[in-house]
Amino acid sequence: MDFLFFLRRSSALVMLAALLALSGCGGNRTTESIRVDGSSTVFPISMAVAEDFRTDHPDFKVPVRASGTGSGMKQFSVGKIDVCNASRYMTDTEKAACEMNEVEYLEIPVAFDGLAIVVNPQNDWCECITVEQLKSIWRPESDDTITKWSDVNPDWPDEELKLYGPGTDSGTFDYFTEVICGEARASRPDYTASENDNALVRGVVADKGALCYFGIAYYAENKEDLKLLGVDDGDGCVKPSEVTVRDGSYKPLSRPLFIYVNKNSLKRPEVAEFVKFYLANAARLSAEVGYVPVTDELAAANDKLLTESLPKPAVPETN
């Protein structure tokens, strides 16, 4: 019988014994036992999972934070958190840190995302922007040369160009700069940066000349207040949607989203149950918060990976 099902349905005496066993001794068990941090892009999915998990398992608190992929990885690589939300693959430097600190992990794709390019609704001159135009705007040397919309396209007005985007701890920043500017973290510095995507939304809403990039889920939450641009990589203008993100036609701004799980944390029953719950509900909840679920084949591979990584039950000794 599933451990947490037993925990919910057993008598009060058995429940108490189980909780004491989880504590490792007879003292008070910590309630903040499942630690999740990292990407602000993955945050809505993990937060939705945590809320549903707490409904079924009220004894456990799951504090989910959003300090950015880079910050989350720093904590994850030294064993401070159990699950790291990530909007990009782990870097070689982060892998080396995990190896040095003997942190073994699972890399689990939980959804797909398209980076939305958004502007203020009063922008009536731009419906689509090319990858080359985005590069001309965001490359490091553009802070002195591209300051107005007319600098990008002479047919556009002399409206001041106000840029908004994720901070440098964000995996979204790493991904966008790599695929648009050609090098991860290569970006002009003179833009309004924030790890809080809602703050970026507010900035675009307040500024007619604004242009911003972030995960499509934040556009979906605020589409009444924002204007979504199409992106042309040379094959025509495409807007991000469930179809174009999943089939890869929204290029180059489609990407997988991940959770990284500390394998040692899976020895704790509450963490194992949380990750199992996460994978069982990722498709439904990622769609609810505006992302594209992984394929059935990828979901099956995730389940297999987790099952093979869970601690095996002890076999009772026979006399």
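Ala, Val, Leu, Ile, Met, Phe, Trp, Tyr, Cys and Pro count here as nonpolar, Asp, Glu, Lys and Arg as charged, and the others, Gly among them, as polar. This is a predicted model: local features need pLDDT of at least 70, side-chain atom pairs count only at pLDDT 80 or more, and totals for chains, interfaces and linings use all residues. Residues are numbered from 1 along each chain as its sequence is written, and side-chain values use heavy atoms, with hydrogens and water left out.

**Overall fold**

The chain holds 13 helices and 11 strands. Helices (H or I, at least four residues) and strands (E, at least two) are DSSP runs, numbered from the N terminus. Of the 319 residues, 50% are buried. Buried means under 20% relative accessible area, exposed over 50%, and partly exposed in between (1.4 Å probe, protein chains only). Take the contacts between residues at least 6 apart in sequence: 74% of them join residues at least 24 apart. A contact is heavy atoms within 4.5 Å.

**The two pockets**

A 1 Å grid over the protein atoms alone defines a pocket: an open set of points where a 1.4 Å probe fits, with protein on both sides within 12 Å along at least five of seven lines. Lining residues have an atom within 4 Å of a point. Points are joined across faces, edges and corners, and a volume is the space filled by probe spheres set on them.

| Pocket | Volume | Lining by class |
|---|---|---|
| Largest pocket | About 340 Å³ | 6 nonpolar, 5 polar, 7 charged residues |
| Second largest pocket | About 240 Å³ | 7 nonpolar, 1 polar, 3 charged residues |

The largest pocket has about 340 Å³ of space. Its lining has 18 residues, and Arg 88, Thr 91, Glu 94, Asp 174 and Arg 185 are the closest to its centre. Helix H4 (69-76), helix H5 (92-100) and helix H8 (171-181) each supply at least two lining residues.

The second largest pocket is lined by 11 residues. Nearest its centre lie Ala 272, Glu 273, Lys 276, Leu 310 and Pro 311. Helix H12 (residues 269-288) gives the largest share of this lining, 4 residues.

**Helix H5**

Which residues of H5 are buried? They are Glu 94, Ala 97 and Cys 98. These three cover an arc of only 100° around the axis, so they sit on the same side of H5. The arc is taken from the directions from the helix axis to the C-beta atoms. An α-helix has 3.6 residues a turn, so residues three or four places apart point the same way. The buried residues of H5 pack against H4 and strand E3 (105-119). The other side of H5 has Asp 92, Thr 93, Glu 99 and Met 100 exposed. Just after H5, Glu 102 takes a positive phi of about 55°.

**Cysteines**

The structure holds 1 disulfide, meaning a pair of cysteine sulfur atoms within 2.5 Å. Cys 128 and Cys 237 form the bond, with their sulfur atoms 2.1 Å apart. The link is right-handed, with 120° about the S-S bond. The pair joins distant parts of the chain, 109 residues apart: Cys 128 lies in strand E4 (residues 128-130) and Cys 237 in strand E10 (residues 237-238).
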